[in-house]
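This report is meant for someone looking at the structure for the first time. Please keep the sequence and the model in view while reading.

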Amino acid sequence: MSGGPTVQITDSMDTVNEVNDENVEDIVDPWTVQSSNAKGVDYDKLIKRFGSSKIDESLLNRFEKIAASRGQKVHPFIKRGLFFSHRDLDHILSLHEQGKHFYLYTGRGPSSAAMHMGHLIPFMTTRYLQKLFDVPVVIQLTDDEKFLWKDLQLEECFGLSRENTKDIIACGFDPEKTFIFSDLSYIGSCKEFYWNMKRIEKLVTFNQVKGIFGFGDSDCIGKISFPAIQAAPSFSSSFPHIFNGRTNIPCLIPCAIDQDPYFRMTRDVAPRLHLSKPALMHSVFFPALQGAQTKMSASDPTSSVFLTDTLAQIKKKINKYAFSGGRDTIEEHRKYGGDCEVDVSFQYLQFFLDDDDELEQIRKDYSSGALLTGELKQKLIKILQELVGHHQAERAKVTEEVINYFWRTDKYACSEKYPPLPKGSDKKKKKKGTPKMKEATDEIGNLKVTRETT
Ligand code: TRP
């Protein structure tokens, strides 16, 4: 950057690269989540670093109103702040209030057949939002990503997409309004998706992906262009069988915050393609059994409760590995109480115990020492066993035909809601004074932490 004066990026601009803060110890990117603090990642700091916005009381109140009008409740993940950050969620709620269309997009990188509880969070949330708003959902399985990043063959990655589809379907998505796709299978069959990839690839330089994702000279070229593939589903024209070629149906992406870099990039290119920026809602990470310093990881079996675990295994794992905020002896615990902020079992209850009053009572009793760690774990074990048992029963119902149905690429019945418009008429109008492509590219090409004033 040349030496001139700099200005801080304002809220209305998306920061493509995160704003650096010298005191940041937490590592959060699509590949690593690590905090040195037992309470886990400092999420308020992360909001500042990423330049996103907090899901605050007023947004929650709007959610409350919408849910009440549909005879539903706000999902505990949202109400309890486990989805804590967003970009343009207020805009999506306004669209809904005005009776306008939008759709939901989420995804998974299928790296192992056994999914764990943490993997369910975005899918359970997206399922809930689909029901609340009655909107289409697209779910991307990035088997191509896993091929590039892991020591796996294409055949294996593709097979994992089919396997993981069963777990996703088991979450209860509406078969008439949900499209689940494997990149390895769909992209080759849909020119519109591929063309969007190319449009995105043309607008992002190597310099930018280096800055955003930390790619280096020895990364294979597949990795370098991959972000365009994760960006493409943010645009409705990538799904002609659902949206009839309509280019501007807005998109809301529920995801864990580590996926944000992909969508900072997407939001940066969207206006230059005269398309809407996708909105986002970000979740916290699901803590590993050993503590909130890192998230559950499928590659460490003792860090996770798997959806394939037996009821006995769940019990054993929680009892043996779930990091406790309790005291060393019963006497001490009774005297001083436990620490809910670091207690993994309590944190899991925050995710999965629906009853607010009961959760509050447990928090009080554990903090005061009235409730012992063993008793707390007992409550959690019961809830997880029910949840996993239910999941396994639903998954067992998913046949090859059901998978094929969710993967279909012929016209969806709900596509009638999106009648094709005359060519070009649903593109965003080019605003007067919008920078020309070259200038805009140069601008973010130079963008690190600050933008230069002219
Ligand atoms: N890259 C993600 C992963 O490894 C998968 C993914 C693709 C995704 N598209 C997404 C996740 C959209 C959230 C939202 O898990």
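This is a predicted model: local features need pLDDT of at least 70, side-chain atom pairs count only at pLDDT 80 or more; totals for chains, interfaces and linings use all residues.

## Strand E7 and its burial

Strand E7 covers residues 137-141, and because five of its five residues are buried, the strand is largely enclosed by the rest of the structure. Val137, Ile139 and Leu141 point one way from E7, while Val138 and Gln140 point the other way, and all of these residues are buried.

## Neighbouring strands

Strand E6, made up of residues 103-108, runs parallel to E7 and is joined to it by five bridges, with Thr106 having Ile139 of E7 as its bridge partner. Between E6 and E7 the chain passes through helix H5 (residues 117-133), forming a right-handed β-α-β crossover.

E7 also pairs in the parallel sense with strand E8 (residues 178-182), again over five bridges, and here the bridge partner of Ile139 is Ile180.

## Around the ligand

The ligand is surrounded by 14 residues, and the closest are Tyr105, Gln140, Glu145, Gln230 and Gln259. An N or O atom in the side chain of Tyr105 lies 2.9 Å from a nitrogen atom of the ligand, a polar side-chain atom of Glu145 is 3.0 Å from a ligand nitrogen atom, and for the side chain of Gln230 the corresponding distance is 2.9 Å. On its own the ligand has 370 Å² of accessible area, of which the protein covers 88%.

Two or more residues of the shell come from each of E6, helix H6 (143-149) and strand E9 (251-256), and E6 gives the most, with four residues. By residue type, the shell divides into four nonpolar, seven polar and three charged residues.

How values were computed:
Residues are numbered from 1 along each chain as its sequence is written. Side-chain values use heavy atoms; hydrogens and water are left out. Buried means under 20% relative accessible area, exposed over 50%, partly exposed in between (1.4 Å probe, protein chains only). Two strands pair if DSSP finds at least two bridges between them. A crossover is right-handed if, with the strands pointing away from the viewer, the path from the first strand over the helix to the second runs clockwise. A residue is near a molecule or strand if one of its heavy atoms lies within 4 Å of it. A polar contact is a pair of N or O atoms within 3.5 Å; within protein, one must be able to donate a hydrogen and the other to accept it, and residues adjacent in sequence count only if both atoms are side-chain atoms. Accessible areas come from the Shrake-Rupley method with a 1.4 Å probe; for residues, only the protein chains shown count as cover. Ala, Val, Leu, Ile, Met, Phe, Trp, Tyr, Cys and Pro count as nonpolar, Asp, Glu, Lys and Arg as charged, and the others, Gly among them, as polar.
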